[in-house]
Amino acid sequence: MQFFFDIFLSGLLQSAPLALATFAIVLIFRTSFTTNFAQGMIGTVAAFITTYIIMPAPDIQGNVATPSFLEYLVAIGAGILVSFILSMLIDILVFRHSRYLNPVGKQIITMGVVLVITGLLPIFFGIADRSLPRFGANIEDTFLGDFFQVFISLFDNMGINVGLHTMISFTLSALIITVIFVALKYTKWGLGVRATASNERVASMMGVNTKFITAMSWAIAGGLGAIAAIMISSNKGTFGNVTTYFMISIQVQAFFSAILGGFSTFYGPVIGAIIFSVLNNLFGVYFNPWGTTVLYLTIMVIVLFKPLGLFGKKIAKKV
Amino acid sequence: MDKIKHFIQLKLKNPLYQFLLFGVLLLLLPILSPFMSVTTTDALAKTLIYFIVALGFSLLIGYGGLASLGTSSFIAIGTFVAYAGINEFELPFLLTILLGVFIALIFGLIFGIVSLRIEGMYLAIVTLGLSEIMIELFKNFDRFTGGVSGTTSRAIEMFGLRLTSNETLIIVVVFVVLAMVLTYNLINSPFGRALLSIKNNDSAAQAMGISVIKYRLIAFIVSTVYAVLGGILYMSYVKFSMGSTWGLAISLNILAAVVVGGSKSIWGVLLGTFMIFGMDLILFKNIDFLSDSKFANLSFVISGLLIILVTMFYPNGLAGLINELKYKIKRLRLKHQAGKDHE
């Protein structure tokens, strides 16, 4: 029993970045009615910007940079800001003009964006390996370090080993997701998003500024993707953890979490991401090295019986 | 003489004869190859192989209205089936192809059923997951895939002879023509019409008694078979394949080729394939300024931009654009004629 508890808790703690990435995908799905394949790539841009600010020329010896807490914070902020703006620009320049395309057509456009960013990254940042340090290393001597140390020792008493990085990622993600859910429920933007999600045309007739809502949703999704990308790439803390393609597998995981939870609610995919993470940990123990593969296949079987996901609601389609 | 000319013109109106003529023209390639550099011949051969894959993909996207991101893993499966067939089991080439088709059917069926059961849009996600699974599989099944270092195949044997690459190129050309003819016939069969009606309005198609999932599934399986065939031909021509090279980028480039060229026209797909795959090999590799390794993926930027622009403004692709121009010229000419007649 203790073993399963351990697996569950560490899965829950590790699920944080995945939950952010999944939520970003669903946010765009609900407002633009397509699955955004460029999500991971937009996050990758943020990770590259962050590495560039910390260490403009990558170290040939393979050392990871050791920025101070403030430096790192500024770099991450800049990365998130760039993704935020980039994502908004994609909506304003491209998606605003192709609103009435069918969903597959929109998907194809996002795939085009993936290709563009894939090609541009080496031109701007060169082909050498880049890397991000872990969050924990430079925060230990500030008050935040002591704050998180309390929680870590709490988990230690339960017999679970949690790193500082995982702890910070989890706390930050939980905070962000809570803020967004509160915003969805109580702010004007949230009301607009929900109205747009249920019917875009009617919402715009009722005076909802759907253009602004969609652009903001894209921007926020871009920012969330950026945070997820930075958390995931820096998690390893080793040299060369930021590459052009590092987000693809995370993106696939996020998509499968969203399918598992169902695209039709906002909370479903987040729970889906947590379930995915926990099961990934569990299967990793039993089916090594095929853990993730078995998990993907399991989700496909689940979807075969529940096509709308675990928390999906059936939406009647009018002809 | 006029009679013969007229006869030829009449026959060339039939697309099937056009395909045959194209095949005959392509057969000049092996003859001309001593005069071309090896890289150019290789590039053309690879482009032709990708053209076969793109044809299958055009059925899926142009007629089925579905996008898939698993194309490159299916090509990879084809290459490794070819490796196993030629080197491990020492099967005849045609039997290897049959084996490949059989495996393609199984994979297409499994992944098609799962993803199409949800909704057409999810095919891209599930096939993206498939390609992730495949990369893991290729890494671990190193008997057939060579793991991370890849495999090198022997040349294929046919009629008791070991074929040179020029002779393999002839086989590729034969398959290109076969694929074109097959695609043309599929499009103009009840299957093609049913697919088109589903793409235009699936509710209406369903009301007319067309089973949406059945036809979409068949379209997906057919495109899988084309991709695996492409993989087998790739292995028999290039003779080398490595699991990790078959990633997302190749799938996306094939998508770009089909979308940019025009997913509903066989000639459009050809044009698109040559643009996307030819651009990199013929154009960029010969410009000094762009030969720096950081510009290696510059062609991705262009094909990505082309995908976005074409999907937004010209959903019928280059082929549609050319048709539109033709129509406009014809109308201008008719107007001119009418003006003259009026006088």
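**Reading the two chains and their contact**

Mentor: Gladly. Keep in mind that this is a predicted model. Let's start with how each chain is folded onto itself. Among contacts in chain B between residues at least 6 apart in sequence, 77% join residues at least 24 apart.

Trainee: What share do residues 24 or more positions apart account for in chain A?

Mentor: In chain A they make up 78% of the contacts with a separation of 6 or more.

Trainee: What are the dimensions of the chains along their principal axes?

Mentor: The C-alpha trace of chain B spans about 80 × 55 × 45 Å, and the C-alpha atoms of chain A fill a box of roughly 60 × 50 × 35 Å. As for burial, 45% of the residues in chain B are buried, and in chain A 48% count as buried.

Trainee: Now the place where the chains meet. How many residues does each chain bring to the contact?

Mentor: Chain B brings 41 residues and chain A brings 38 residues. On the side of chain B, helices H5 (93-118), H6 (123-140), H12 (248-261) and H14 (298-313) each supply at least two residues. The largest share, ten residues, comes from H14(B). Sorted by class, the side of chain B that touches chain A has 26 nonpolar, eleven polar and four charged residues.

Trainee: How should I read a pair of helices that pack together?

Mentor: Two packed helices are described by the angle between their axes and the distance between the axes. Here, take helix H5 of chain A, residues 103-125, with H14(B): the angle is about 160° and the axes are 7 Å apart. An angle over 145 degrees counts as roughly antiparallel, and H5(A) and H14(B) are therefore roughly antiparallel to each other. Their crossing is left-handed.

Trainee: Which residues make that contact?

Mentor: Among them are A:Ile108, A:Met111 and A:Leu115 of H5(A), and B:Phe300, B:Leu305 and B:Ile308 of H14(B). The contact of H5(A) with H14(B) has 13 nonpolar, seven polar and no charged residues.

Trainee: And what can backbone angles tell me?

Mentor: Most residues other than glycine have a negative phi. A:Phe33 has a positive value, with phi near 60°. A:Phe33 sits in the loop between helix H2 (16-32) and helix H3 (39-54) of chain A. B:Glu90 has a positive phi too, near 55°, and is in the loop between helix H4 (71-88) and H5 of chain B.

Trainee: Are these two residues buried, partly exposed or exposed?

Mentor: A:Phe33 has 16 other C-beta atoms within 10 Å, so A:Phe33 is partly exposed. B:Glu90 counts as exposed, because there are 10 C-beta neighbours inside 10 Å.

Trainee: One last thing: how far apart are the C-alpha atoms of B:Asp142 and B:Ile8?

Mentor: They are separated by 53 Å, and the two residues are 134 residues apart along the chain. B:Asp142 lies in helix H7 of chain B, residues 142-145. With 13 other C-beta atoms within 10 Å, B:Asp142 is partly exposed.

Methods
Residues are numbered from 1 along each chain as its sequence is written. Chains are lettered from A and ligands numbered from 1 in the order in which they are written. This is a predicted model: local features need pLDDT of at least 70, side-chain atom pairs count only at pLDDT 80 or more; totals for chains, interfaces and linings use all residues. A residue is buried if 20 or more other C-beta atoms lie within 10 Å of its own, exposed if 12 or fewer, and partly exposed in between; C-beta atoms are placed from the backbone. Two residues are in contact if their C-beta atoms, placed from the backbone, lie within 7 Å. Helices (H or I, at least four residues) and strands (E, at least two) are DSSP runs, numbered from the N terminus. Ala, Val, Leu, Ile, Met, Phe, Trp, Tyr, Cys and Pro count as nonpolar, Asp, Glu, Lys and Arg as charged, and the others, Gly among them, as polar. Axes are lines fitted to C-alpha atoms, for helices over the stretch in contact, and angles run from 0 to 180 degrees between N-to-C directions. Angles under 35 degrees count as roughly parallel, over 145 as roughly antiparallel, 65 to 115 as roughly perpendicular and the rest as oblique. A crossing is left-handed if the near helix is turned anticlockwise from the far one by less than a right angle, and right-handed if clockwise.
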